[in-house]
Amino acid sequence: MGTWQRRCVLLVIATALGVCPSSCAKPSRTWGVPGEVRIGYLGTIYTLNPLIAFGQRLIDLTQLYTQPLVGLSPGNRAIPVLCEEVPSLANGGISRDGLTITYHLRRNVRFADGVPFTSRDVAFTYRAILDPRNPVTEAAPYERIASLETPDAYTVRITLKHRWYGAVYELFAASDYIYGILPAHAFTSTDMVHAAWNEHPFGTGPFRVVQWIRGDSVELVANPYARPAAKLQRVVVRMLPDENTAFIALRAHAIDFTDVTFQQQAEARADRGVKVVAVPRNEVDDLEFQTQGMAMHDLRMRRAVAYAVDRATIARAVYRGTSPPAATEISPLFPEHDAGIAAYPYDPARARALIDGRHVSARISFNASEEVYRAVATIVQENLRAVGIDATLEPATPALLYAPPASGGVLYDGRFDIEVGGWYGGLDPEASEPWTCANRAPNGPNVARWCDARYDAAFIAQQQRLEPRVRFSDFAVMQQRVHDELPAMFLVYRTEFEAINPALHGVAPNMLYNFGQVEDWALSP
């Protein structure tokens with residue numbers, strides 16, 4: 001345990017005893033170290049390699065030092081980062097048949113060690129993604145590439161196996177995962193697991209890692225070759241066990257930035273010494289049904305659950321009224337969202353009529369480390385028992401919940417009836433649609449194991465389109481089929497909250513990540 005962590009533990013104990021140390025007795029609006037930001041990270045950082053980072057917060061951190069070709073603006077628009085412009089039909093970056101994507105790379109870009117960035121680095125990163133030795137987060141999109149060519153040092157040409165509208169927003173982009181471009185010269189092979197680079201990673205991003213103390217902290221300093229240059233000189237990422245410890249550390253001025261819970265954000269807003277940033281995310285929290293199991297195979301039972309669950313109470317009690325109710329899988333942040341679809345109303349009498357006196361037992365699984373999902377699961381259990389469904393809670397650790405079937409994974413082995421969870425989308429609305437037949441677990445993220453021909457036809461059709469507005473009708477079909485057939489029931493479109501030092505300026509998270517524009521951050525008390 002590091003010195004600063006011991007200090008945070010003492011703060012927790014002091015708070016429990018009703019004693020506030022002098023450092024938190026009188027919150028000041030001017031605190032912190034000029035030119036330095038301390039970020040509170042919840043949990044343990046197990047890797048710094050962007051290709052094998054899992055989980056939105058860890059993926060986000062990799063943007064401090066590596067960059068993709070295409071990024072995401074605070075206004076949730078695709079923007080060029082390491083390329084001169086985002087390829088499109090209009091600028092010639094996408095061929096008329098939709099099969100070829102050409103990236104023109106930015107010139108005079110250097111890695112943090114001064115070596116120029118070129119197309120060789122993109123090709124190397126691509127090969128590393130496909131190297132079977134590497135447990136990459138998601139290799140399937142890159143397997144849809146027929147060839148990747150580098151005609152010169154500043155051109156990358158990708159030929160797809162099949163036309164795919166969303167390719168520009170998934171490949172080498174800040175989407176539901178981010179594969180920052182790696183410096184080819186810093187590796188001896190495409191083996192990411194044993195690469196020495198992992199200890200002190202660097203890329204073209206605004207910072208580079210200078211120290212990683214396992215279980216404690218990661219220290220980064222400004223990349224002198226980054227353009228635009230970072231306004232900060234130093235960033236320290238401090239690992240914290242939970243939200244409570246992080247919030248106490250922030251209020252004690254031990255960190256400058258951290259996530260806060262729905263309950264904490266209200267308390268933070270009342271604190272003059274803390275600034276709260278609300279961030280509507282491309283995330284929908286939901287109940288997913290195992291449609292091949294005994295309990296939820298019958299559509300009538302899934303509809304009974306939909307009518308039995310009091311979504312309004314969940315939104316008020318768990319999310320504190322901060323997150324708008326959800327009716328479809330696609331967030332209102334996208335124009336493809338179908339606002340005409342209505343959520344199932346709370347109607348216990350109708351739920352009982354659908355159950356019709358049958359004995360139904362249902363296992364409710366959820367991530368035991370997520371207090372939000374535990375709270376939702378408890379309310380859902382009460383709602384279901386009230387209409388005659390014998391619901392039991394089965395919390396699981398993340399490692400067990402998401403493990404493959406061979407390792408006893410709850411979701412991918414289908415050992416649940418209802419899962420309380422959420423789905424994080426990407427830069428394109430296609431990433432909000434995991435329920436294709438081909439994606440059925442254990443082969444993909446469709447843990448509902450739902451398969452619908454009309455849904456699949458619409459999903460395939462939208463991939464083949466070349467004009468965005470033509471896709472709207474396809475997404476309308478998909479949203480309607482999910483609503484009607486209920487592989488999942490949607491609760492809220494999640495809004496998240498960041499609590500920060502009021503002296504920290506330039507913080508502008510987007511719908512997926514916090515650190516996409518971290519070069520603009522400045523702290524000058």
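Cys-437 and Cys-451 are joined by a disulfide, with an S to S distance of 1.9 Å. Keep in mind that this is a predicted model. The structure holds one disulfide, so this pair is what we have to discuss under that heading, given the cut-off of 2.5 Å between cysteine sulfur atoms. The link of Cys-437 and Cys-451 is right-handed, with 95° about the S-S bond.

Where do Cys-437 and Cys-451 lie? Cys-437 is in the loop between β14, residues 418–424, and α12, residues 453–464, and Cys-451 is in the loop between β14 and α12 as well, so the pair ties together parts that are 14 residues apart in sequence.

Next, accessibility. Cys-437 has a relative accessible area of 16% and is buried, because the cut-off for buried is under 20%. Cys-451 comes out at 39% relative accessibility, which counts as partly exposed. Another cysteine, Cys-83, is buried at 2% relative accessibility.

Is Asp-474 buried or exposed? At 6% relative accessibility, Asp-474 counts as buried.

What does Asp-474 touch, if we leave out residues up to four places away in sequence? The list is Ala-458, Ala-461, Gln-462 and Arg-465. With Arg-465 there is also a polar contact: the side chains of Asp-474 and Arg-465 are joined at 2.8 Å.

That is the end of my two items.

Notes:
Residues numbered from 1 in each chain as written. Predicted model: local features only at pLDDT ≥ 70, side-chain atom pairs only at ≥ 80, totals over all residues. Heavy atoms only, no water. Helix = DSSP H or I, 4+ residues; strand = E, 2+ residues; numbered from the N terminus. Buried < 20%, exposed > 50% of the residue type's maximum accessible area, 1.4 Å probe, protein only. Polar contact = N/O pair within 3.5 Å; in protein donor to acceptor, adjacent residues only side chain to side chain. Contact = heavy atoms within 4.5 Å.
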